[in-house]
Amino acid sequence: MTVRSAVVLGPGGVVGTAWLAGLAAGLRREGVDLGTADLIVGTSAGAIVGAILARGEDLDRLATLPAPTGPLDGARPDPAKLAEVFATLGDTGIDRAEATRRVGRLAVAAATGAEEAVIARMRSLVGGAEWPSRPLLIPAVDAETGEAVVWDRQGAASLPEAVAASTAFPATAPPITIGGRRYIDGALRAGTNLDLAGDAETLIVAEPMAHSFGPSDAGEGERIVVRLVPDAEAIEAIGPDVGDRAAWAPAYQAGVRQAEDAAERIRDCSAIR
């Protein structure tokens with residue numbers, strides 16, 4: 001069955017979550033609710049905001065950084081271990097599957113807190129444990145095998161577990177155990193994971209880190225593609241550190257500010273109202 005409209009929300013760490021939340025909240029104020037799309041795909045930061053949208057929850061409560069839920073919530077990762085993760089992923093002498101398995105081992109070995117606390121935090125952020133009835137896809141990667149999984153309401157993961165797994169970037173958060181397997185960040189599957197939108201006739205892609213890593217290939221052709229990325233002012237507000245919690249509020253407001261222009265572009269394609 002052809003999907004008429006799909007919204008794909010990409011990864012971006014703490015600041016990317018804030019920008020996406022502000023953008024989505026601002027769009028709602030402009031009369032454009034991304035949560036009414038026929039399909040929502042959310043990866044990492046996008047998984048958090050995608051779950052909130054699909055559930056119809058309040059985005060304005062994310063205007064300020066949510067309070068910590070545990071002693072390690074908000075703790076900075078070990079720079080050496082994080083550097084090792086990026087070095088492994090960037091090593092052109094290792095194939096992608098092996099690099100993913102290696103960073104999976106690094107993720108398991110890193111001291112990044114209790115996964116139960118992360119799941120609890122995601123439950124609080126997304127507003128509950130139940131999957132929405134609206135189609136929502138959340139990818140993650142098996143930390144041991146490097147194989148990808150795409151969670152939906154038919155799968156074994158609760159919504160907070162799926163979101164926690166998709167946001168578990170190695171050396172910054174603990175892998176999440178689901179069905180006896182441990183899972184890490186969904187961006188390790190395929191970045192923004194645009195392929196999960198299939199052949200959607202209209203595709204709205206929001207990528208918080210497009211200025212750092214380039215836009216994903218949306219396969220533009222006959223279908224309509226609306227790309228939403230941080231503008232110059234938003235890039236300055238987001239800053240160079242995706243984990244900078246002090247940048248949360250500025251990044252959120254930058255997203256809100258961009259929503260007016262984004263709403264006009266989305267209304268022009270008449271896919272989401």
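This is a predicted model: local features need pLDDT of at least 70, side-chain atom pairs count only at pLDDT 80 or more; totals for chains, interfaces and linings use all residues.
User: What makes up the secondary structure of the protein?
Analyst: The protein has 10 helices and eight strands. Helices (H or I, at least four residues) and strands (E, at least two) are DSSP runs, numbered from the N terminus.

User: Why is the protein called as compact as a globular protein of its length?
Analyst: The globule rule is 2.2 Å times the number of residues to the power 0.38, and the radius of gyration is taken over C-alpha atoms. For 273 residues the rule gives 19 Å; the radius of gyration is 17 Å, close to that value, so the protein is as compact as a globular protein of that length.

User: Why does Val 49 count as buried?
Analyst: Buried means under 20% relative accessible area, exposed over 50%, and partly exposed in between (1.4 Å probe, protein chains only). Val 49 has 1% relative accessibility and therefore counts as buried. Val 49 belongs to helix α2 (residues 45-55).

User: Which residues does Val 49 touch, leaving aside those up to four places away in sequence?
Analyst: Val 49 touches Leu 9, Thr 17, Leu 20, Ala 21, Ala 24 and Leu 59, where contact means heavy atoms within 4.5 Å. Thr 17 and Val 49 are 32 residues apart in sequence, with their C-alpha atoms 6.9 Å apart in space.

User: What makes helix α6 mostly covered?
Analyst: In helix α6 (residues 159-166), seven of the eight residues are buried. Among them are Leu 159, Pro 160 and Val 163. For the protein, 52% of the 273 residues count as buried.

User: Why is the pair of Trp 151 and Tyr 183 called edge-to-face?
Analyst: Rings of Phe, Tyr and Trp (its six-membered ring) pair if their centres lie within 6.5 Å; planes under 30 degrees apart count as stacked, over 60 as edge-to-face and the rest as tilted. By this rule there are two aromatic pairs. The ring centres of Trp 151 and Tyr 183 are 5.3 Å apart and their planes stand at 80°, so this pair is edge-to-face. The pair links distant parts of the chain, with Trp 151 in strand β4 (residues 148-151) and Tyr 183 in strand β6 (residues 181-184). Both Trp 151 and Tyr 183 are buried.

Technical notes:
Residues are numbered from 1 along each chain as its sequence is written. Side-chain values use heavy atoms; hydrogens and water are left out.
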